[in-house]
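Thanks, everyone, for making the time this morning.

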Amino acid sequence: MRKTLTLARRELMACFVSPIAYIIGAGFLLLSAGWFFVNIRIGGEASLRPLFDGMAVIMVLAIPLLTMGLLSREFDRGTIETLMTSPVTDTQVILGKFAGVMAFYLVLLASTVVFLGLMIAYGRPDPGVALTGYLGMILLGAAYVSVGLFASTLTRHQIVSAIVAIAILASLVILMGFIVRMGLRPWDVLADHLNAMKYFKDFSRGVFDTRGLIYFLSVTALFLFLSVKTLESRRWR
Amino acid sequence: MIDVKHLTKWYGRVLAVDDISFHVDKGMIVGFLGPNGAGKSTTLKILTCYQPATRGKVTIAGHDVLTESLEVRSDIGYMPEAVPLYPEMRVNELLMFRAALRDIPPAQRQTAIDRVAERCWLSKPDNVMRRRVGELSRGYKQRVGLAEAMLHNPPVLVLDEPTIGLDPNQIRAMRELIQELGADHTIILSSHILAEVEQTCGDIIVIAGGRIVAAGTTEALRKKVGTAAQITAELKGAEPPELAKAVAGLEGVQRVDHSPIGGWTRLTLKCDDKADRRAEVYRLVSEKGWQLRELRSTVGTLEDFFVQVTYEQNMQTAQRMAQ
C-alpha cells in the first residue's frame with residue numbers, strides 16, 4: 001500500500017510538471033464551458049444533465065491523452081527496467097499509476113464546480129442531480145482511466161496507446177448506442193448491456209442505480225486486471 | 001553469492017545466451033567482457049529479475065530469481081545500460097522516490113541520500129541535487145544512476161556498461177569509485193573494453209556469441225593467453241624471397257611473410273612458441289653479411305586473445321543458429 005502511494009505521488013507530480021496535462025486540462029475546461037454556455041443559452045434551462053452528458057463524451061478524448069504515457073513512456077525511456085527491478089509487484093505499479101491519474105482527474109473534475117456555482121447564482125439546480133452526477137463522473141472516470149492504463153501497457157508508442165484507448169472508449173460510449181438505435185438483432189441486446197452512456201444517463205438524471213455502479217466498477221476492475229496481466233507478460237516475451 | 005547454472009535465453013528465434021554457468025563469491029569484482037551483442041546485458045537482466053531465463057537456474061545470496069524475485073531485487077542495486085531516469089524529476093526528488101520504493105524508513109532516507117550523493121560527487125564539488133535530471137550532462141546522469149543503485153546499500157551491485165559515454169577523467173573517477181565499492185559490495189559489471197575490465201576487476205568472464213569463452217582472474221588469463229611470439233625484422237642485402245627462405249630455415253619458425261619497405265625488406269616471423277629467437281635471427285644475418293635496421297619480438301596480448309576468441313565464438317554461434 002505504501003509503495004502504491006509512492007508510485008501514485010510520483011505519477012501525480014509528473015502530471016503537474018508536464019505541459020501535456022495542463023493543455024488537456026485547459027482543453028477539457030474550454031470545451032465543457034462552451035458546451036455549458038450553449039446549453040444554457042439554447043435550452044434556457046438550469047439543468048446539470050446536459051453538462052454531465054457532455055463531459056462524459058469529452059472525457060473519451062481527454063482521458064486517453066492523460067493516460068497514454070503511463071507505461072508507454074516508461075517502456076520508451078527504459079525507466080521500466082529500474083522500476084521493475086525494484087522490489088515492487090506488478091499490481092502495485094498498476095494501482096499506483098491508476099491512483100496517480102485518478103487524483104489528477106479529480107482535481108480536473110473539481111474545477112467544474114464553477115459551473116455549478118454559476119447555475120446556483122442564476123437558477124435553482126437540483127442538488128440531487130449534482131450529487132449523483134458527480135458520483136457518476138467519478139465512476140465513469142475510473143473506468144476510462146483503467147481503459148487508458150490498459151492501452152498504455154500494450155505499446156511503447158504513446159500515440160498508439162491513445163488511439164487504442166479512444167477506440168475502446170468510443171465503442172463503449174458511442175458505438176454501442178448506435179447499435180441499439182439501429183436495432184440489429186440480436187446484437188442490440190448485448191450492445192444495450194454494454195452501453196456506458198445508458199448507465200451514465202441514470203446518474204446524470206439524478207437516479208442512483210446499482211446496475212450503473214456495478215457496470216463501471218466491473219469495467220474498472222477488468223481493465224486493471226488486464227493491465228497487470230499485460231505488464232506481467234512483458235517479462236515472458 | 002551469485003550462482004548461475006546452465007543459463008539459456010532465447011529471444012524468439014534468436015539465441016542470446018547459450019548454456020552459461022559461473023559463480024561469483026562475496027566481495028569479488030567481476031568483469032563481464034564481450035563484444036556488443038554477446039549476451040552480457042541479457043545475462044545481467046536475468047540476474048536482476050527483469051527478464052526470466054528460458055532455461056537454467058540463478059540464485060543470488062541463496063534466493064532464486066524466479067521464485068523469490070522480491071528478495072533478490074532487494075539485495076541488488078542495478079544500473080541498466082542506458083541509465084534510464086525520469087527527466088522531469090529533480091535529483092533529490094528522484095532519489096527520495098527510489099528510497100521509498102527501496103523500503104528505506106522515512107527517517108533514514110535523507111541520510112542515505114546524502115551518503116550516496118557525496119560518494120557519487122552529486123553534492124560536491126558542484127551541487128546538482130536541485131537540478132532536473134533532464135538538464136544534466138551524460139556524466140552526471142551516469143552518477144545519478146549509480147547513486148540510485150547504491151541507495152539501499154545492497155550487497156550486490158550490477159552495473160551494465162558503467163563507463164560508457166564518460167570522458168577520460170570521469171572514467172578514471174568511476175573506476176576508482178568501483179574499486180572502493182568493491183570493499184563492501186559484490187560487483188558485476190559489463191564492458192566491451194578490455195583495458196577497463198583489466199584495470200577494475202579481479203576476475204574476468206569473457207563472453208561471446210552467448211557463451212563463456214574464458215574465465216578466471218586477470219593474472220591467470222594473461223598467463224594463459226601468452227600465445228606464440230612474432231618477430232619483425234627489417235633487412236637488406238638480397239632479394240626478398242631469398243631473405244625469407246633463409247630465415248624460414250631457422251629452428252622454431254613456422255611461417256615467414258615479407259613485404260618491401262622503402263628499399264628494405266620487412267620480414268614477419270611466426271614462431272611455434274613464446275621463446276625469443278631474435279639472437280638466432282641476428283646470427284644468421286651477420287653470417288650472411290646482410291644489413292639489419294630493426295629486430296623486435298612481440299608476444300600476443302590479452303587484446304589479441306580477446307579478438308580471436310570472440311571472433312571464433314561468433315562464427316560458431318552463427319553456425320549453430322543456422323542449423
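Let me begin in chain B, with helix α11 (residues 302-322), which lies across β9 and β10 of that chain and runs at about 35° to β9(B). Please keep in mind throughout that this is a predicted model.

The two strands under that helix are worth a moment on their own. Strand β9 (residues 203-208) of chain B and strand β10 (residues 211-217) of chain B run antiparallel and are joined by 6 bridges, and within that pairing B:Asp203 stands opposite B:Thr217 of β10(B). The hairpin that they form has 2 residues between the strands, and there B:Gly209 takes a positive phi near 55°.

Where does β10(B) stand in the order of its sheet? The sheet is an open one of 6 strands, ordered β6-β7-β8-β3-β9-β10 in chain B, and its pairing is mixed. Both β6 (76-79) and β10 of chain B are therefore edge strands, each with a single partner, so that one side of each is left without a neighbour in the sheet. From one strand to the next, the twist averages 15°.

At the β6 end, β6(B) runs parallel to strand β7 (residues 156-160) of chain B, and 4 bridges join them; B:Ile76 has B:Val156 as its bridge partner in β7(B). Packed on the sheet here is helix α5 (residues 138-150) of chain B, which touches β6 and β7 of chain B and whose direction makes about 165° with that of β6(B).

Chain B also holds an open sheet of 4 strands, in the order β2-β1-β4-β5, and in this one the pairing is antiparallel. Its edges are taken by β2 (14-24) and β5 (63-64) of chain B, and since each has a single partner strand, one side of each is left without a neighbour in the sheet. Strand β1 (residues 2-11) of chain B pairs with β2(B) over 7 bridges in the antiparallel sense, and the partner of B:Trp10 in β2(B) is B:Leu15. Helix α1 (residues 40-47) of chain B packs on this sheet, touching β1, β2 and β4 (55-60) of chain B, with a direction at about 120° to that of β1(B).

Let me turn to chain A, and to a pair of helices. The axes of helix α8 (residues 127-154) and helix α11 (residues 196-205) of chain A come within 6 Å and cross at roughly 150°, which makes α8(A) roughly antiparallel to α11(A). The crossing of these two helices, α8(A) and α11(A), is left-handed. On the α8(A) side the contact is made by A:Thr132, A:Gly133, A:Leu135, A:Gly136 and A:Leu140, while α11(A) brings A:Phe200, A:Phe203 and A:Ser204. By class, the residues of this contact divide into 4 nonpolar, 4 polar and no charged.

Finally, how many residues does each chain bring to the contact between chain A and chain B? Chain A gives 18 residues and chain B gives 21 residues. On the side of chain A that touches chain B, α1 (2-17) and α5 (79-84) of chain A each supply at least two residues, and α1(A) gives the most, with 5 residues. That side of chain A has 6 nonpolar, 7 polar and 5 charged residues.

How values were computed. Residues numbered from 1 in each chain as written. Chains lettered and ligands numbered in written order. Predicted model: local features only at pLDDT ≥ 70, side-chain atom pairs only at ≥ 80, totals over all residues. Axes fitted to C-alpha atoms, helices over the stretch in contact; angles between N-to-C directions. Parallel < 35°, antiparallel > 145°, perpendicular 65-115°, else oblique. Left-handed = near helix turned anticlockwise from the far one by under 90°. Contact = placed C-beta atoms within 7 Å. Nonpolar A, V, L, I, M, F, W, Y, C, P; charged D, E, K, R; others polar. Pairing = 2+ DSSP bridges.
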